[in-house]
Amino acid sequence: MESCSSSSIFCQLDKEFSKEISALLKPPSPQQVQEYFDKLVKMRQCNGLKIKQDGNYGKGVYAVSDFDEGELVLKDQMLVGAQHSSNKVDCLVCSYCFRFIGSIELQIGRKLYLQNLGLSARMECATESSDEEDDSLTADHDKLGQCSSSNPKKKIPLPKETIESVMNGYVELPYSKQFPLPSAVSCSGGCGEAYYCSEICAEADWEFFHSLLCTGKSLGTPSREALLKFIQHADGTNDIFYLAAKAISLTILRYKKSKAAQFQEGKHNETNGNDISDFSLLLEAWKPISMGYKRRWWDCVALPDDVDYHDEASFREQIRELAFEVMSPGILNIKNFVWICANHSE
Ligand SMILES: [Zn+2]
Ligand SMILES: [Zn+2]
């Protein structure tokens with residue numbers, strides 16, 4: 001591919017593993033999809049539900065029995081999720097289950113504090129000027145006023161000390177005790193980026209995602225440099241890359257887990273040749289993601305009105321090139337990161 005010539009080593013990987021890559025990206029058959037979801041529904045013990053497929057509309061969740069009022073119909077674990085970077089200024093949430101953490105005072109104080117630093121996150125607060133974040137503290141106070149009041153002139157900015165004492169819990173806001181929040185548990189890797197509502201969430205996140213994505217210095221992770229570059233790119237372009245990194249991290253960790261389990265069992269099975277290949281383990285680890293198969297963006301985006309039907313092929317090619325232009329540094333960083341993780345895990 002011309003577009004990734006900036007780093008020929010990764011194109012080499014694309015060539016070398018083209019068979020594996022196309023196997024991973026192949027859409028699952030309707031039968032595979034049905035089997036996967038039937039198994040999932042059974043595992044989650046949601047007896048009144050069924051996933052059905054429809055050639056025109058895709059997958060759907062159907063009720064196959066009547067439910068009582070207030071009955072819990074479905075409770076499932078989130079596969080992969082991430083908080084928008086811009087939303088991080090507005091609220092402090094558990095990095096695994098996304099519930100609010102800390103206290104009402106911390107939530108409000110932190111938000112005011114970060115806004116005062118010029119990290120205003122909400123689009124409606126932003127003026128047209130792109131350099132507004134470089135404005136002085138006074139200007140930021142003004143912006144804050146404009147956001148939260150219909151009459152900005154009357155708004156008196158809060159002193160920095162007041163904001164800090166709210167954030168640090170020295171000031172108690174009225175009725176805040178009626179809304180208790182779980183206290184924040186910080187990431188054991190020491191990245192200072194991930195906080196949790198409980199040890200349970202901290203451990204689960206580490207097990208499923210964060211152990212490969214933590215930038216904590218003390219970990220001595222060989223991929224830390226690549227990871228920091230990747231985060232910088234995601235922050236500067238599109239935070240969908242975080243979600244992609246989590247999906248990949250989940251897959252690698254699931255793969256490592258089943259490989260370790262196979263190794264344990266292998267001691268017993270070696271003689272009867274009951275050995276599952278590494279690649280089929282990887283396919284199995286990737287399965288939950290592959291079940292959400294969609295065609296690539298440039299293959300399925302709707303044709304704009306002003307593009308003639310006959311020009312469809314060249315239009316899609318243009319969109320594909322655009323996507324590569326925007327995404328290639330992120331993809332290369334992901335590839336670099338995956339490559340380091342994979343080699344490190346041997
Ligand atoms: Zn949580
Ligand atoms: Zn961490």
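Guide: Buried describes a residue with under 20% relative accessible area, exposed one with over 50%, and partly exposed one in between, using a 1.4 Å probe and protein chains only. This is a predicted model, in which local features need pLDDT of at least 70 and side-chain atom pairs count only at pLDDT 80 or more, while totals for chains, interfaces and linings use all residues. Residues are numbered from 1 along each chain as its sequence is written, chains are lettered from A and ligands numbered from 1 in the order in which they are written, and side-chain values use heavy atoms, with hydrogens and water left out.

Visitor: Does Cys94 count as buried or exposed?

Guide: Cys94 (SG) coordinates the zinc ion (ligand 1) together with Cys97 (SG), Cys197 (SG) and Cys201 (SG), at 2.3 to 2.4 Å. Donors here are N, O and S atoms within 2.8 Å of the metal (3.2 Å for Na, K and Ca), and sites may look incomplete because water is not among the atoms. Cys97 is partly exposed at 27% and Cys197 is buried at 12%. Because its relative accessibility is 0%, Cys94 counts as buried.

Visitor: How many residues apart in sequence are the parts that Cys97 and Cys197 tie together?

Guide: Helices (H or I, at least four residues) and strands (E, at least two) are DSSP runs, numbered from the N terminus. The donor residues of the zinc ion (ligand 1) have the spacing C-x2-C-x99-C-x3-C. Since Cys97 lies in the loop between helix 4 and helix 5, and Cys197 in the loop between strand 4 and helix 8, the pair ties together parts whose separation in sequence is 100 residues.

Visitor: What arrangement do the 4 donor atoms around the zinc ion (ligand 2) make?

Guide: The zinc ion (ligand 2) is coordinated by Cys187 (SG), Cys191 (SG), His210 (NE2) and Cys214 (SG), at 2.1 to 2.4 Å. Four donors count as tetrahedral if all angles lie between 85 and 135 degrees, and the ideal angle for four tetrahedral donors is 109.5 degrees. Because the angles around the zinc ion (ligand 2) are 105 to 114°, the arrangement is tetrahedral.

Visitor: How many disulfides does the structure hold?

Guide: A disulfide is a covalent bond between the sulfur atoms of two cysteines. Here the criterion is a pair of cysteine sulfur atoms within 2.5 Å. By that criterion, the number of disulfides in the structure is 0.

Visitor: At which residue does helix 11 bend?

Guide: Helix 11 (residues 278-290) has 13 residues and reaches 17 Å from its first C-alpha to its last, close to the 18 Å expected, the expected span being 1.5 Å times one less than the number of residues. The bend at a residue is the angle between axes fitted to the seven residues ending there and the seven starting there. Pro288, which is among the buried residues of helix 11, follows within four residues of the bend of about 30° at Glu284.

Definitions and conventions
Four donors count as tetrahedral if all angles lie between 85 and 135 degrees; four count as square planar and six as octahedral if opposite donors are over 155 degrees apart and all others between 65 and 115; anything else is irregular.
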